[in-house]
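Dear colleague,

Please find below the structure that I am handing over to you. My findings follow it.

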Amino acid sequence: MVNLSKGHIVNPNVQVLMLALALCLPACARGEEGETPSAVVPGLASRYKGDEGIEKNPDVIFVENFEDPLDVVKTRWESVQSPEIMSLATDVRTGSAGEHSLLMTHTGGKGTGGHLYRRLLPGYEQLYVRFYVKFAEDCYPIHHFVHLGGYNPSTSWPQGGAGIRPAGDERFTTGIEPYGRHWRWDFYSYWMGMRSSPDNHSWGHDFINDSELSVGRGKWVCVELMMKMNDPVTEHNGRQALWIDGKPWKKDGQTVSHLGKGFPKGKWVWDSFTPDPDGTPFEGFQWRSDENLKLNFLWLLLYITDAAPGHVSKVWFDDVVVAKRYIGPSTPPVN
């Protein structure tokens with residue numbers, strides 16, 4: 001069972017944010033069709049110094065700051081894999097209001113990592129997930145990372161399906177990945193409209209394909225993912241967006257880290273989309289064909305499959321927030 005105490009799960013019946021806050025957010029954060037993120041976006045976190053009290057905001061669904069003892073933290077997640085590789089660490093980002101982060105430690109030759117997974121019920125049409133992460137400078141390439149998505153029906157543990165195109169009524173998912181040895185940020189998406197690879201499997205698709213969007217190891221990074229469902233289910237108007245340290249990624253005059261029906265322009269090569277202003281407009285996402293399939297799970301995953309025996313890779317997580325509006329980087333607390 002998931003512990004619903006201590007204000008970590010927000011009552012969905014609480015009144016929505018005041019109109020003034022809604023007006024200060026950009027069109028993309030309000031979910032308006034066809035808009036792209038601006039360079040600097042004030043988010044929910046800008047109102048809460050060091051994230052203190054953010055769990056009380058009516059648009060916030062879930063918060064995990066890893067400040068409770070690890071046994072208590074585990075009760076807020078429905079599936080905990082390899083808890084022996086997890087510990088609370090005192091390494092926290094500058095400006096954090098807390099004193100601890102979660103450290104996952106992988107040793108080459110001993111398993112593939114671990115995860116924290118939980119449902120986000122009753123399911124949502126649009127969600128934002130923001131988290132902080134730090135990779136050790138000598139961390140080995142990561143095969144898969146943090147995922148947001150949906151199962152129908154919802155399940156209390158993550159499901160399989162690698163290399164298989166979803167049918168449209170049972171699952172979809174997007175991972176934010178550091179893309180192995182390339183160490184670049186990108187999406188890794190499974191949905192009913194995906195293409196096939198040369199081996200005739202349907203592996204997760206990437207969309208940014210820019211080596212300059214590099215993953216900085218040895219420092220804390222703020223990562224935020226937005227996903228919006230297609231509605232009606234026959235349309236391709238689903239969207240997803242990525243911000244690193246509160247900024248979208250732009251290239252050749254396009255915002256390439258925000259994809260929806262008609263934007264950005266680019267070219268497909270098998271299962272990989274590369275933005276290109278001379279290409280064709282992106283077709284948009286038909287995430288589902290059944291309205292019962294919604295965004296309803298969060299999966300913090302560390303999955304390493306190719307590390308030298310005995311080599312220790314360390315990854316720290318902190319200040320996870322799930323909300324119905326753009327969250328943005330945390331602001332330092334007042335001393």
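Glycine 310 lies in the loop that joins strand 18 (295-303) to strand 19 (312-323); strands here are DSSP runs of E with at least two residues, numbered from the N terminus. The model is predicted, so local features need pLDDT of at least 70 and side-chain atom pairs pLDDT 80 or more, whereas totals for chains, interfaces and linings use all residues. Residues are numbered from 1 along each chain as its sequence is written, and side-chain values use heavy atoms, without hydrogens and water.

Because its relative accessibility is 48%, glycine 310 counts as partly exposed (between buried, under 20%, and exposed, over 50%, with a 1.4 Å probe and protein chains only). Leaving aside residues up to four places away in sequence, glycine 310 touches Thr107 and Gly108 (contact means heavy atoms within 4.5 Å).

Strand 7 (residues 146-151) pairs with strand 18 in the antiparallel sense over three bridges, and histidine 147 stands opposite tryptophan 299 of strand 18.

Strand 18 provides five residues to the lining of the largest pocket, the largest share (lining residues have an atom within 4 Å of a point of the pocket, on a 1 Å grid over the protein atoms alone; a pocket is an open set of points where a 1.4 Å probe fits, with protein on both sides within 12 Å along at least five of seven lines).

Yours sincerely

Definitions and conventions: Helices (H or I, at least four residues) and strands (E, at least two) are DSSP runs, numbered from the N terminus. Two strands pair if DSSP finds at least two bridges between them.
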